[in-house]
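Please keep the sequence and the structure in view while reading.

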Amino acid sequence: MAPHSLLPFSFSLLSSATSSQTEILETLDLISKLSAPLPIPKQAAAADKTKVEDMPEWVAKLVVDKGASLAWKVMEKEIYASDVSDQQNRFLIRKQIAEDRIRPAMTGDEIAAANLMSSDDFTTSKRRRLSGGEGEIGERKEGREHGGLPVMVYTRYGWGCLLHLTRWDASKASVLKGGNYREFHRRSFLAAGDVVEMWAFRDGHGKLCFIIGNKIDLQISL
């Protein structure tokens, strides 16, 4: 796979971006690479409901509140016991999901910080250095030395904290981890066996953010 290639999947356009948002939302340049047209804004849903991405209301509200103009669905997954274990203290993201649904929307520096470099990245960087240019991808760090990329992660109820996105060298799976993960787990009400949705967006400052929440509102169902 070529570096930064984007496999087909749909973004959801939420509102018209201001000129300042356009400058800082680095994912906007990926729109031109999509093989399918963008869905119409939600306010135009009455005209053609089939073209609007099935975005949960709790996701749309949070994304708009954080100043984003677009968001995309990363995955659905069943929560493993290890995802809610105080000993493991991390949220697992399968290798292919990270490569296909997260990595294409990241900058070179973010890819390096999250340990998501590919062999193509290293080849490209080496060629640029040999030709007198600067490589886009940073130097690789291994194992425990790799802290990860700081990202904001929100529950479906709007509470957020700073976690780190990184890829394990052995399994090549990615994880969200950090000192705040235990509190995130407590506030998200996640339990083993739950089915959750994970969405991604860039906030009004251009920071990569994720939303993770149960498909069912547990506060209503209880």
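## Terms and model

A residue counts as buried if its relative accessible area is under 20%, as exposed if that area is over 50%, and as partly exposed in between. The structure discussed here is a predicted model.

## A partly exposed pair

Phe 189 has a relative accessible area of 41%, so Phe 189 is partly exposed. Tyr 157 is also partly exposed, because its relative accessible area is 29%.

Tyr 157 and Phe 189 form an edge-to-face aromatic pair, with 5.8 Å from centre to centre and 80° between the planes. Tyr 157 sits in the loop between S4 and strand S5 (160-167), and Phe 189 in the loop between helix H6 (181-188) and S7, so the pair ties together parts that are 32 residues apart in sequence.

## A buried pair

The search of the whole structure finds three aromatic pairs. One of them joins Tyr 154 and Phe 201, which are stacked at 6.3 Å centre to centre with 25° between the planes. This pair links distant parts of the chain: Tyr 154 belongs to strand S4 (residues 149-155) and Phe 201 to strand S7 (residues 195-202), 47 residues apart. Both Tyr 154 and Phe 201 are buried.

## A charge over a ring

Which residue lies over the face of Phe 91? Lys 77 does, at 4.6 Å from the ring centre.

## Helix H3

Helix H3 covers residues 95-102, and its buried residues are Ile 97, Ala 98, Glu 99, Asp 100 and Ile 102. These buried residues of H3 pack against several strands: S2 (70-78), S3 (90-93), S5, S6 (174-177) and S8 (208-214).

Conventions. Residues are numbered from 1 along each chain as its sequence is written. This is a predicted model: local features need pLDDT of at least 70, side-chain atom pairs count only at pLDDT 80 or more; totals for chains, interfaces and linings use all residues. Side-chain values use heavy atoms; hydrogens and water are left out. Rings of Phe, Tyr and Trp (its six-membered ring) pair if their centres lie within 6.5 Å; planes under 30 degrees apart count as stacked, over 60 as edge-to-face and the rest as tilted. Helices (H or I, at least four residues) and strands (E, at least two) are DSSP runs, numbered from the N terminus. Buried means under 20% relative accessible area, exposed over 50%, partly exposed in between (1.4 Å probe, protein chains only). A charge sits over a ring if NZ of Lys or CZ of Arg is within 6 Å of the ring centre and within 35 degrees of the ring normal. Contact means heavy atoms within 4.5 Å.
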